[in-house]
Amino acid sequence: MHDLIAYTDGACSGNPGPGGWGVVMQAKAGDKVIKQRELNGGAAETTNNRMELMAAISALEALSRHSAITIVTDSVYVKDGVTKWIFGWKKNGWKTAAKKPVKNEDLWKQLDTAQAQHQVTWEWVKGHAGHPENELADELARAGMVPFKD
């Protein structure tokens with residue numbers, strides 16, 4: 001049995017503006033990385049939060065079968081959204097506590113669907129703090145936005 005971990009990050013040049021997302025997926029046996037896969041992509045006109053969400057969605061949708069996975073994100077928005085806020089949003093018909101529409105509802109629904117296929121543990125890591133896999137996910141995210149920049 002291997003541990004499966006996905007390090008995710010989003011980036012945006014301007015907010016909104018061209019953006020990218022990156023994922024570093026690792027299968028580990030103890031502390032040893034058995035296999036590593038890197039994913040990225042982007043959009044011409046987006047926000048940082050949408051790219052953070054897309055990174056997590058892409059990690060989950062890349063899995064071909066039901067898996068136990070830890071997703072490590074530097075986005076408090078994604079971690080708190082998926083572990084705390086989403087339950088109230090769903091109960092309230094995708095409205096916030098202030099009765100406003102949930103921002104990025106389309107991606108939250110996509111993440112909710114993708115997460116339901118797996119056993120997901122969410123972890124937060126401080127961004128731009130020298131964490132090697134988070135730094136690589138950030139590089140992948142910045143590379144994902146390149147085709148959309150002028």
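User: Which residues form one aromatic cluster?
Analyst: This is a predicted model: local features need pLDDT of at least 70, side-chain atom pairs count only at pLDDT 80 or more, and totals for chains, interfaces and linings use all residues. Residues are numbered from 1 along each chain as its sequence is written, and side-chain values use heavy atoms, leaving out hydrogens and water. Rings of Phe, Tyr and Trp (its six-membered ring) pair if their centres lie within 6.5 Å; planes under 30 degrees apart count as stacked, over 60 as edge-to-face and the rest as tilted. The cluster is formed by Tyr-77, Trp-85, Trp-89, Trp-94 and Trp-108.

User: Is the pair of Tyr-77 and Trp-108 stacked or edge-to-face?
Analyst: A pair of aromatic rings is described by the distance of the centres and the angle of the planes. The structure holds 5 aromatic pairs. For Tyr-77 and Trp-108, the ring centres are 5.3 Å apart and the planes stand at 65°. So this pair is edge-to-face.

User: How many residues apart in sequence are the parts that Tyr-77 and Trp-108 tie together?
Analyst: Helices (H or I, at least four residues) and strands (E, at least two) are DSSP runs, numbered from the N terminus. Tyr-77 lies in helix α2, and Trp-108 in helix α3. The pair therefore ties together parts whose separation in sequence is 31 residues.

User: How far apart are the end C-alpha atoms of α2?
Analyst: The expected span of a helix is 1.5 Å times one less than its number of residues. α2 has 16 residues, so it should span 22 Å. The end C-alpha atoms agree with that: they are apart by 22 Å.

User: Where does α2 bend?
Analyst: The bend at a residue is the angle between axes fitted to the seven residues ending there and the seven starting there. In α2 that angle is about 60°. The bend is at Trp-85.

User: What do the buried residues of α2 pack against?
Analyst: Buried means under 20% relative accessible area, exposed over 50%, partly exposed in between (1.4 Å probe, protein chains only). The buried residues of α2 include Tyr-77, Val-82, Ile-86 and Trp-89. Contact means heavy atoms within 4.5 Å. The packing partners are α1 (48-61), β4 (68-73), α3 and β5.

User: Is Asn-104 buried or exposed?
Analyst: Asn-104 sits in the loop between α2 (76-91) and α3 (105-116). Its phi is positive, about 65°, although it is not a glycine. Its relative accessible area is 15%, so Asn-104 is buried.

User: And is His-128 buried or exposed?
Analyst: His-128 lies in the loop between β5 (119-124) and α4 (132-145). Its phi is also positive, near 55°. The relative accessible area is 60%, so His-128 is exposed.

User: Which residue does a cis peptide bond join to Asn-15?
Analyst: Omega of this bond is about 15°.
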